[in-house]
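Visitor: Could you take me through this model? I would like to begin with the overall fold and then turn to the charges.

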Amino acid sequence: MEYTLGLILAFIGVGLAVIPAGIGSSSGVGLVGRMGAGVITEDPDKFGPILLLQAIPGTQGVYGFLTGLMIMVRIGALGGGLKALTVNQGLLFLLAAIPVGVVCWVSATFQGQVAAAGVSVVAKRPEEMGKSVILAAMVETYAVLSLLASLLLVFSIQV
């Protein structure tokens with residue numbers, strides 16, 4: 001199999017979907033984990049609610065991975081049937097990865113900040129846990145929209 005420029009661009013698109021989303025998620029999860037560790041030191045019974053808040057920013061990394069996986073499926077990277085893409089096709093896959101890569105990077109970072117603030121709420125008023133989760137989940141809306149945009153673009157490319 002010859003690696004065409006189009007195929008290389010599509011692989012760069014896979015990286016563009018996966019890497020920034022993963023960076024944002026790891027940043028958000030790490031921030032909430034640092035905040036949560038302090039609270040758990042004082043009250044170990046709050047581990048469950050804090051773990052839930054910590055997990056929320058991790059979803060954007062999953063969205064980036066899912067988009068990258070769908071690009072790999074479309075170009076035949078899974079199963080050994082790589083397709084010889086034109087430059088235009090490869091460029092389209094690269095461009096399709098931009099919404100999820102960029103938006104998930106930013107939203108995971110902001111969601112981590114909101115969830116970290118939720119850890120403070122849980123520390124003082126554990127009965128308000130649901131409100132903290134809802135506030136953090138609101139940030140998720142834009143990550144979901146970017147996932148949908150990227151997947152619609154990926155599946156609209158003729159290969």
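Predicted model: local features only at pLDDT ≥ 70, side-chain atom pairs only at ≥ 80, totals over all residues.

Visitor: How many helices and strands does the protein chain have?

Guide: The protein chain has five helices and zero strands, giving the pattern α-α-α-α-α along the sequence. Helices (H or I, at least four residues) and strands (E, at least two) are DSSP runs, numbered from the N terminus.

Visitor: What does the C-alpha trace span along its principal axes?

Guide: The span is about 60 × 25 × 20 Å. Of the 159 residues in the chain, 41% are buried; buried means under 20% relative accessible area, exposed over 50%, and partly exposed in between (1.4 Å probe, protein chains only).

Visitor: Let us pick one residue. Where is S132, and is S132 buried or exposed?

Guide: S132 belongs to helix α5, which covers residues 129–156. With a relative accessible area of 3%, S132 is buried.

Visitor: Which residues is S132 in contact with, leaving aside its neighbours within four places in sequence?

Guide: They are L53, G118, V121 and V122, where contact means heavy atoms within 4.5 Å.

Visitor: Now the charges. How many salt bridges are there?

Guide: The count comes to four salt bridges, each being a side-chain nitrogen of Lys or Arg within 4 Å of a carboxyl oxygen of Asp or Glu. Side chains of opposite charge can pair when their charged atoms come close.

Visitor: Which residue does D43 form a salt bridge with?

Guide: The partner of D43 is K46, with the closest N and O atoms 3.4 Å apart. D43 counts as partly exposed, at 24% relative accessibility, whereas K46 counts as buried, at 12%.

Visitor: And what about R125?

Guide: R125 forms a salt bridge with E127, the closest N and O atoms being 3.4 Å apart. R125 also forms one with E128, at 3.5 Å between the closest N and O atoms. Salt bridges that share partners join R125, E127, E128 and K131 into one network.

Visitor: Is E127 buried or exposed, and what of E128?

Guide: E127 counts as exposed, at 56% relative accessibility, while E128 is buried, with a relative accessible area of 16%. R125 counts as partly exposed, at 46%.

Note on methods
Residues numbered from 1 in each chain as written. Heavy atoms only, no water.
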